[in-house]
Amino acid sequence: MLRDLGERRPVRLDWRGNVTFAVGLIALLTGITYGIQPYRGHAMGWTSPWVIAALAGGMALLILFGLAETQVAEPMFDMGLFRIRAFSAGNLAGLLAALARGGLLFIAIIWLQGIYLPRHGYGFSQTPLWAGIYLLPLTAGFLLAGPVSGFLSDHFGARPFATAGMAAAAVSFIVLDLLPVDFAYWQFALVMLLNGIGMGLFTSPNRAGVMNSLPPGQRCAGAGMAQTFQNSARCCPSGPSSR
């Protein structure tokens, strides 16, 4: 039932952009990952030569990538798209939201598995399963709010729902910080539900706003760029993939 409104035309693969971006991003994220791990008696690894080299090399390659893409006739990342305010702002907001969501999952799972659940009678062999069960309100909120927000934003515009979603998520982080150490589960479940609803309200309108801001011939490339921001946030140490 979906209608394809994009424009397709054959282009040549941007090998220079693909290689510099992939190697640079992998080096940068790997350096960050090892930078938060102990190194030779230090609590963190930021003094490790490998970490310094990975961070510096990754940043250098990403800068080179940005410069190279302005010189390619058919670039992988069309830097001109960032002149579109809705595209740039939407991608930045999506990146920050993904970092926040991933960081919440990362910290919540560590807290539940390592501290909260064992203190409430769960064996360590059971905590991975129950940590996932305890976080189900987060998923439920996202699943409930996402389709509704997408439907309403198509009729009333994306900005109000995306803004309201981020505001709700921010409130949930503040309330989570105010919870007592030995909280009752219903309190935690309500906060997770609120966060899931906020993220669900935000995600669909934000992506719609990003895509609608693009010219038809750039929507495929723009979708890939937006997804790259999302995946980069998930690959950071604050994201759940670093477990």
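A nonpolar core is a set of buried Ala, Val, Leu, Ile, Met, Phe, Trp, Tyr and Cys residues joined through side-chain atoms within 4.5 Å, where buried stands for under 20% relative accessible area, exposed for over 50%, and partly exposed for anything in between (1.4 Å probe, protein chains only). The structure here is a predicted model, with local features needing pLDDT of at least 70 and side-chain atom pairs counting only at pLDDT 80 or more, while totals for chains, interfaces and linings use all residues. Residues are numbered from 1 along each chain as its sequence is written, and side-chain values use heavy atoms, leaving out hydrogens and water.

The largest nonpolar core has 15 residues, and those touching the most other members are Leu112, Tyr116, Leu117, Leu135, Phe188 and Met192. At least two of its residues come from each of helix 3, helix 4 and helix 7 (185–212), with helices taken as DSSP runs (H or I, at least four residues) numbered from the N terminus. Helix 3 is the top contributor to this core, giving 6 residues. There is also a second, separate core of 14 residues, with Leu62, Leu81, Val210 and Met225 among them.

Phe188 touches Ala108, Leu112, Tyr134, Leu135, Leu176, Leu179 and Phe183, leaving aside residues up to four places away in sequence; contact means heavy atoms within 4.5 Å. Met192 sits in helix 7 and counts as buried because its relative accessibility is 1%. Met192 and Tyr134 lie 58 residues apart in sequence, yet their C-alpha atoms are 9.2 Å apart in space.

Next comes the pairing of helix 3 with helix 4. The axes of helix 3 (residues 85–119) and helix 4 (residues 127–134) come within 9 Å and cross at roughly 95°, the axes being lines fitted to C-alpha atoms over the stretch in contact, with angles from 0 to 180 degrees between N-to-C directions. That makes the two helices roughly perpendicular, a label for angles of 65 to 115 degrees. On the helix 3 side, Leu112, Gln113, Tyr116, Leu117 and Pro118 meet Thr127, Pro128, Trp130, Ala131 and Tyr134 of helix 4.

Arg40 has a positive phi of about 45° despite not being a glycine, and counts as exposed because its relative accessibility is 71%.

Terms used: Parallel < 35°, antiparallel > 145°, perpendicular 65-115°, else oblique.
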